[in-house]
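Please go through the salt bridges and the helix packing of this model. A short report follows the structure.

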Amino acid sequence: MNTVKIQQKGNTKIIAHRGVSGLETENSLAAFVAAGNRSYFGIETDIHLTADGKFIVHHDDRTGRVADKDLPIEKSNYADLRALSLKDHGGNFGRCDMKLPNLTEYIETCKHYEKKAILEIKNPFGKADIERVCDEIKRLGWLENTVFISFDFQNLIFVRECFANASVQFLCEDNSTKIVDKVAACKMDIDIYFPCVTPEFVRYAHERGVKVNCWTVNEPADADRLIEYGVDFITTNILE
């Protein structure tokens with residue numbers, strides 16, 4: 001199995017959703033490396049805060065869908081989460097690279113392969129924790145190459161307070177002019193569920209200086225249509 005090529009990308013940049021999650025287990029180092037070795041503009045992932053105040057890469061609030069034990073991320077200690085084994089695409093456990101990554105490992109992988117880090121902050125974070133995230137990415141020399149995304153608008157406000165020049169995108173399923181005006185007023189961009197996107201939405205967003213990212217696009221026909229609309233980014237599990 002391999003990625004599915006998009007023939008005409010125009011000016012649209014392609015982002016690997018949770019790494020190349022169509023090939024390797026989502027949000028694993030294997031998925032990030034798979035993206036690094038391909039033509040993706042960026043690698044998207046998700047971070048949570050553990051019970052003992054550390055950052056772990058994972059999408060769901062619990063680990064059971066992809067790991068050998070079902071633990072609640074934010075009520076579990078970092079060491080216990082790191083001890084879990086993730087199943088590969090065949091449903092098997094035991095690969096040494098199938099562990100929950102941490103923030104540093106994710107950023108170092110993006111940096112090594114010179115890919116933009118598209119970092120989703122899951123659930124509400126306090127400002128002090130957002131600052132720690134930014135400080136860690138800055139220490140690794142990749143802050144200018146990181147795009148912060150979140151469904152929680154306050155998370156993005158905190159990012160901007162910690163790093164004034166941060167690139168941020170608000171995740172949503174709302175294609176109203178009101179939401180575009182809201183993000184434009186804060187000089188943010190938007191990351192929207194792709195079925196909500198219309199040519200009129202893209203045109204209005206661009207008129208307001210707002211870039212449009214779309215999640216999660218896995219069919220070439222959908223990608224072709226969105227590229228024709230002029231979206232700036234497409235986030236995908238398998239397209240390239």
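E136 and R139 lie 3 residues apart in helix 4 (residues 127–139), so about one helical turn separates them. Helices here are DSSP runs of H or I with at least four residues, numbered from the N terminus. The side chains of E136 and R139 meet in a salt bridge, at 2.7 Å from N to O. A salt bridge is a side-chain nitrogen of Lys or Arg within 4 Å of a carboxyl oxygen of Asp or Glu.

E136 counts as buried, at 19% relative accessibility, whereas R139 is exposed, with a relative accessible area of 58%. Buried means under 20% relative accessible area, exposed means over 50%, and partly exposed lies in between (1.4 Å probe, protein chains only). Elsewhere, salt bridges that share partners join R18, E26, D60 and R65 into one network.

The model is predicted: local features need pLDDT of at least 70, side-chain atom pairs count only at pLDDT 80 or more, and totals for chains, interfaces and linings use all residues. Residues are numbered from 1 along each chain as its sequence is written, and side-chain values use heavy atoms, with hydrogens and water left out.

How many salt bridges does the rule give? The count comes to 14.

| Salt bridge | Closest N and O atoms |
|---|---|
| R82 with E105 | 2.8 Å |
| R95 with D97 | 2.8 Å |

R82 and E105 link distant parts of the chain. R82 sits in helix 2 (residues 78–82) and E105 in helix 3, 23 residues apart. R82 counts as partly exposed, at 24% relative accessibility. E105 is partly exposed too, at 23%. For the other pair, R95 has 31% relative accessibility and counts as partly exposed. D97, at 28%, is also partly exposed.

Now the helix packing. The axes of helix 1 (residues 29–36) and helix 3 (residues 103–112) come within 9 Å and cross at roughly 15 degrees. Axes are lines fitted to C-alpha atoms over the stretch in contact, and angles run from 0 to 180 degrees between N-to-C directions. Helix 1 and helix 3 are therefore roughly parallel to each other (angles under 35 degrees count as roughly parallel).

Which residues make the contact? L29, F32 and V33 of helix 1 meet E105, Y106 and T109 of helix 3, where contact means heavy atoms within 4.5 Å.

Note on methods. Helices (H or I, at least four residues) and strands (E, at least two) are DSSP runs, numbered from the N terminus. Angles under 35 degrees count as roughly parallel, over 145 as roughly antiparallel, 65 to 115 as roughly perpendicular and the rest as oblique.
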